[in-house]
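Reader: Could we go through this structure together? I would like to ask about it piece by piece.

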Amino acid sequence: MKQFIYGLLLFVFLTLPPVATLLESIMIIHMHLQMPLLIFSGFLMARFFKVRFPAFFYKWNRNGIPGILLFSIILVYWMIPRTMDEALTVYASEIFKFISLPFLAGIPLRDSWRKLGSVSKNIVFLIFIILFILMGWLFIGVDDQICNNYLRVDQITLGWGYVTLAACMIIYIVQLIFGDQSEFE
Amino acid sequence: MKELSALSLQQKTIKALGVNTKDAKISLSYLSVAFATLLIGGILGLVQGLQRAGLLELPPWLNYYQVLTAHGILLLLVFSTTFTIGYQYANLSHSLGGLLPKVRKLAWSGFSLMIIGVILVVTMIVLNEASVLYTFYPPLAAHPIFYVGLVFVVLGILACCFGVFINYRHWRKTHPGQTTPLLAFFAMGVFVLWFFASIGVTIEVLTLIPWSMGIVETTNVMVDRTLFWWFGHTLVNIWYLVATSAWYVIVPKIIGGRHFNEKLIRLVVILLVILNIPGGFHHQIIDPAISESIKFLHVFMSLSIAVPSLMTAFAMFAVFERAGRKKGGKGLLGWITKLPWGDVRFLAPMIAMISFIPGGAGGIVNTSNQMNQVIHNTMWVVGHFHVTVGMSVVMTFFGICYWLIPYLTKRKLTPQMNRLGVIQTIIWTVGMILMAGSQHLVGLLGDPRRTSFTTYGDHPRALSWIPYEYVMGIGASLLLLGVIIQVYAVINMMFFAPKGETTFPVAEPEDNALPAPMWTERWGLWSVLLLMVVAMAYVVPIVDMIVNAPPGSPPIKTW
Ligand code: HEM
Ligand SMILES: [Cu+2]
């Protein structure tokens with residue numbers, strides 16, 4: 001239950017207007033810090049829901065695939081530049097962000113990850129690595145300003161953020177493949 | 001049970017055979033270079049100290065900035081690096097039961113590469129072609145060969161990194177289910193950090209070579225400075241990690257105690273490795289082209305290193321108190337008197353640890369934006385790093401010599417040599433207090449660092465610095481005396497001390513201690529986390545520096 005409290009505290013902290021405004025004022029921090037933290041808060045809160053509603057998770061997410069699909073859809077939705085732009089101007093969109101990321105992405109991720117086999121996990125990694133590289137390429141390469149609210153230099157910065165993130169994930173996978181994981185048990 | 005007896009068998013063979021002579025030769029070679037360098041660097045230090053106080057005029061063929069560049073590079077880069085490698089390879093050989101033949105080969109290749117590199121670098125400094133100071137970032141430009149020399153040094157370091165990684169992997173493969181001995185774990189931390197630190201400086205130097213040759217016209221000064229401090233700051237913390245390996249594992253044994261909780265020690269190492277590199281930005285607080293908010297964020301990055309440091313301080317005092325009380329120390333502070341103050345192997349690292357208190361406090365001053373504006377580029381900074389590196393790190397290194405060298409040469413530490421060591425420690429301490437203390441004070445009065453003697457046309461302000469600079473000169477003289485004694489002691493222990501057996505002092509855990517958890521060995525994961533932290537810290541400012549770059553700088557030779 002401690003985890004739930006920490007997750008809730010983090011969530012409340014992130015919703016505080018000055019915190020939200022500060023984090024959203026820089027494009028890369030909006031996408032690569034605020035959003036992941038929202039997901040993480042849901043990830044922590046998931047314990048409570050899993051204990052409270054085990055039947056629900058058992059019925060709808062027995063093998064983890066539906067959960068990870070929901071997670072991916074929400075994530076991809078928020079990777080579209082337009083949605084991020086809207087979150088800054090359309091109030092409903094901002095509220096949707098604060099609900100969808102913790103509750104529709106963080107919680108299913110926690111529930112699904114354990115249930116997935118290593119093949120599915122690798123597929124998820126692969127998809128996101130490819131996606132991140134594409135997004136990086138897009139943000140670095142495109143000559144126009146994509147968002148109304150952010151400058152081009154913010155866009156390029158975010159692009160490099162995606163590329164480095166993808167690189168870190170690749171290195172992580174490589175060390176998983178070449179390292180002997182059984183030795184850490 | 002079988003595992004246990006295999007383990008003790010291995011330990012018995014180590015005991016019976018003592019040090020592996022092939023491995024000892026590697027360590028001794030590195031240590032010899034280290035102390036030869038210390039002697040030259042120390043002489044240059046005194047020359048500088050006297051010149052700055054106006055007490056010594058340099059001959060026309062030698063200028064202050066040549067001396068300063070050589071002093072910085074020889075002591076900060078060469079002495080500390082070679083000592084660290086010699087000591088860490090001895091730790092590795094001892095705790096993993098000998099180096100693999102191919103690792104030995106790597107260590108020797110690293111040695112040759114470094115020697116070639118240092119010769120190239122020093123030659124260029126002596127020829128007055130490279131007075132760019134040890135920070136060597138643009139717009140000051142050295143002769144291309146100077147940078148080529150640096151590339152050789154970095155390649156040498158990388159060879160030693162791979163040596164450690166290979167030996168570690170081999171041991172892990174052959175010892176499933178066991179955690180690595182603590183000293184080998186420290187060695188991994190040191191060399192993983194070194195590997196990633198080298199990336200920054202390699203990129204920098206490779207851009208500087210074509211620039212200094214005139215193939216490209218300009219270079220981006222801000223990016224180069226940032227890459228330099230990525231490396232420079234991390235290097236400082238590598239020495240610090242090396243020193244802590246002795247504080248945690250060696251010193252407790254010398255005072256007859258046990259080492260602290262192994263899980264906490266490993267956690268400190270992991271935190272230092274993951275969080276370290278972005279601290280480099282605290283050297284750029286006054287640099288333009290980094291936005292206020294980024295600098296503000298980096299204050300946190302830089303102060304986060306205080307967490308493992310405070311954990312270390314806490315752990316060490318707990319260990320001392322426990323050992324002192326076991327020996328019958330009574331009352332609140334009675335245990336302090338029970339510590340072996342007359343043993344140089346304890347005294348030197350102990351003073352080193354104590355000096356970390358003012359050193360750390362000074363570091364917090366330096367990393368705070370407003371206070372940095374007061375002390376930036378003054379003698380205060382010079383005082384600061386002589387306390388941190390010249391005392392905390394170097395005195396730990398000196399203390400290590402008094403058991404490591406006799407161990408490696410199969411000789412004994414005689415009581416006379418111990419007494420000499422205690423005297424050396426006292427001289428060094430007094431010298432550093434005088435020199436670094438007056439540097440701190442005169443820095444607050446505005447005396448600039450890295451500046452040849454001048455009175456600015458007898459300006460009263462500049463004249464008020466001179467008394468402090470005399471004290472600095474006295475301290476510097478004591479320090480050179482300390483260097484000479486230390487080098488004498490090292491030579492004596494290498495070649496003349498009586499033959500005998502010296503043990504490698506490795507502390508044991510407390511009897512009821514839990515085994516260290518296996519997950520601490522996930523170096524792949526720690527490396528990825530390190531890279532994530534680096535990405536978070538560097539992507540925003542570096543993209544900004546490149547996209548909004550001013551016209552670059554041509555190479556400039558001011559001397
Ligand atoms: C005999 C002992 C030593 C003496 C007398 C000494 C003296 C000095 C002096 C007078 C300066 C010049 C400050 C300036 O003009 O800005 C200096 C700079 C410096 N010293 Fe030492 N020092 C000694 C030992 C060490 C040691 C052991 C280290 C490191 C391992 C070290 C590292 C440095 C560095 C990095 C600089 C800065 C160079 C620069 O600003 O470019 N010194 N030292
Ligand atoms: Cu630093």
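Reader: To begin with, which residues are the protein donors of the iron atom of ligand 1?

Author: They are His71(B) and His386(B), each through NE2, at 2.0 to 2.1 Å from the iron atom. Donors here are N, O and S atoms within 2.8 Å of the metal (3.2 Å for Na, K and Ca), and water is not among the atoms, so sites may look incomplete. Please note that this is a predicted model, in which local features need pLDDT of at least 70 and side-chain atom pairs count only at pLDDT 80 or more, while totals for chains, interfaces and linings use all residues. Residues are numbered from 1 along each chain as its sequence is written, chains are lettered from A and ligands numbered from 1 in the order in which they are written, and side-chain values use heavy atoms, with hydrogens and water left out.

Reader: What is the geometry of the site of the iron atom of ligand 1?

Author: The site is octahedral, with angles of 84 to 179° among six donor atoms. Six donors count as octahedral if opposite donors are over 155 degrees apart and all others between 65 and 115.

Reader: Are His71(B) and His386(B) buried or exposed?

Author: Both are buried. Buried means under 20% relative accessible area, exposed over 50%, and partly exposed in between (1.4 Å probe, protein chains only).

Reader: Changing topic, what does His233(B) touch?

Author: Leaving aside residues up to four places away in sequence, His233(B) touches Asn276(B), Ile277(B), Gly279(B), Gly280(B), His282(B) and His283(B). Contact means heavy atoms within 4.5 Å. His233(B) belongs to helix H7 (residues 221-254) of chain B and counts as buried because its relative accessibility is 6%.

Reader: How much area do chain B and chain A bury between them?

Author: About 1,500 Å², with 76% of it on carbon and sulfur atoms. Buried area is the accessible area (1.4 Å probe) that two parts lose on being put together, summed over both. Helix H5 (144-174) and helix H18 (523-547) of chain B each supply at least two residues of the side that touches chain A, and H18(B) gives the largest share, ten residues. The contact takes 17 residues from each of chain B and chain A.

Reader: How many salt bridges cross that interface?

Author: The rule finds zero salt bridges between chain B and chain A. A salt bridge is a side-chain nitrogen of Lys or Arg within 4 Å of a carboxyl oxygen of Asp or Glu. Over all chains, the whole structure has 17 salt bridges.

Reader: Which residue meets Lys557(B) in a salt bridge?

Author: Glu129(B) does, at 3.6 Å from N to O. Lys557(B) lies in the segment after H18 and Glu129(B) in the loop between helix H4 (101-126) and H5 of chain B, so the pair ties together parts 428 residues apart in sequence. Lys557(B) is partly exposed at 46% relative accessible area.

Reader: What about Glu521(B)?

Author: Glu521(B) forms a salt bridge with Arg172(B), the closest N and O atoms being 3.2 Å apart. Both residues are buried.

Key:
Tetrahedral: all angles 85-135°; square planar, octahedral: opposite > 155°, others 65-115°. Helix = DSSP H or I, 4+ residues; strand = E, 2+ residues; numbered from the N terminus.
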